[in-house]
Amino acid sequence: MAVVTLHARAKVNLGLWVGALRPDGYHDLVTVIAPLALADTVATRPARSGIVLRCDSAEVPCDERNLAWKAAEAFFAASGIKSGCHVAIRKRIPVGGGLGGGSADAAATLAGLNRLFGSPLSPARLRRIGARLGSDVPALLLGRPCAVRGRGERLRRISLPRLNLLLHCPGHGISTAWAYRALDRMRQSGPALTPPVLSPRLLSLYLRRNEPDRAAPFLANSFEPVAFRRFPALRRVRNLLLQSGADAACLSGSGSTVYGLVMKQDWKDPMAAMSRHGSPCLATSTIPA
Ligand code: C5P
């Protein structure tokens with residue numbers, strides 16, 4: 001029986017600037033999304049009817065609450081294909097950690113089903129369906145580094161080298177919707193704490209030129225003040241990564257993962273230092289383009 005198995009790559013946000021609340025309830029943002037070697041795998045195969053989802057992680061719901069389930073439903077609705085499918089997810093991306101795991105599984109489900117059923121939907125159509133599922137899905141469908149604007153639907157491919165990253169995943173998630181609300185509340189009640197607007201073009205240039213000192217100021221995230229106030233340990237991890245030899249350190253998405261970018265030296269020493277400090281990290285790298 002036909003099976004399509006795809007990598008569902010995690011992502012980090014290389015910098016994330018969040019603008020004001022829009023009338024439609026979303027926020028404008030500017031970010032660079034970089035897919036990672038770290039990935040789930042998603043296998044799709046046809047079923048006579050219905051959507052059957054399985055996952056090897058107990059943390060993940062296997063029903064309509066799962067974004068991959070919603071992706072399968074959206075694929076059949078948009079393509080008009082009268083069929084069902086089995087979706088099997090092998091989970092490797094920490095859940096709820098700002099690494100886009102749920103969105104990656106949804107993107108791989110859309111792409112996998114499209115391939116399985118003879119490509120009835122164009123890549124642009126898949127991205128539009130993905131945008132309705134979640135803000136990170138279009139970028140993860142693209143599968144390569146891109147500058148992201150709007151509420152997450154305006155994508156531009158950018159060129160990035162392979163970057164070595166250390167990820168600290170604290171074992172708890174942070175709800176994206178909560179983080180946006182908390183950011184709005186913080187902005188209403190005090191001075192604006194927003195970092196300067198990220199320039200994806202300059203960030204890409206400095207990273208390609210191997211100039212981490214010039215790239216580092218762009219690796220700031222508007223959610224850091226709210227995430228660090230609620231979870232002070234995350235601020236300590238960011239500082240520890242910098243002291244341990246990372247060239248830059250930043251929250252990914254709305255958290256909870258904090259990553260360090262290691263360009264000037266081998267990543268093994270900073271990784272060992274983080275372990276000694278009691279904040280173990282996972283080593284991975286971005287997919288270059
Ligand atoms: O699209 P995603 O599922 O990641 O969004 C979760 C929530 O985050 C949305 O319901 C919305 O409240 C908020 N959000 C936002 N502006 C964005 C993306 C998300 O306010 N650009």
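What follows is a short chat about reading a predicted model with a ligand.

Biologist: What should I know before I start?

Modeller: This is a predicted model, so local features need pLDDT of at least 70 and side-chain atom pairs count only at pLDDT 80 or more, while totals for chains, interfaces and linings use all residues. Residues are numbered from 1 along each chain as its sequence is written, and side-chain values use heavy atoms, with hydrogens and water left out.

Biologist: Which residues surround the ligand?

Modeller: A residue is near a molecule if one of its heavy atoms lies within 4 Å of it. Here the ligand has Gly25, Tyr26, His27, Leu29, Gly134, Ser135, Arg151, Thr176 and Tyr180 around it. By class, that shell holds 3 nonpolar, 5 polar and 1 charged residues. (Ala, Val, Leu, Ile, Met, Phe, Trp, Tyr, Cys and Pro count as nonpolar, Asp, Glu, Lys and Arg as charged, and the others, Gly among them, as polar.)

Biologist: How do I read a polar contact?

Modeller: Look for a pair of N or O atoms within 3.5 Å; within protein, one must be able to donate a hydrogen and the other to accept it, and residues adjacent in sequence count only if both atoms are side-chain atoms. In this model, a polar side-chain atom of histidine 27 is 2.6 Å from a ligand oxygen. The side chain of serine 135 also places an N or O atom 2.6 Å from an oxygen atom of the ligand. Arginine 151 uses a backbone N or O atom, 3.1 Å from a ligand nitrogen.

Biologist: Which elements give two or more residues to the shell around the ligand?

Modeller: Helices (H or I, at least four residues) and strands (E, at least two) are DSSP runs, numbered from the N terminus. The elements in question are β2 (27-47) and α5 (176-189).

Biologist: Is asparagine 13 buried or exposed?

Modeller: Buried means under 20% relative accessible area, exposed over 50%, and partly exposed in between (1.4 Å probe, protein chains only). Asparagine 13, in strand β1 (residues 4-21), counts as buried because its relative accessible area is 3%. Its side chain makes a polar contact of 3.0 Å with the side chain of threonine 31. A polar atom of that asparagine 13 side chain also lies 2.9 Å from the backbone nitrogen of glycine 253.

Biologist: And what about arginine 214?

Modeller: Arginine 214 belongs to helix α7 (residues 212-215) and is partly exposed, since its relative accessible area is 44%.

Biologist: Where is the cis peptide bond?

Modeller: The bond runs from glycine 255 to serine 256, with omega near 15°. Serine 256 sits in the loop between β8 (248-251) and β9 (258-262).
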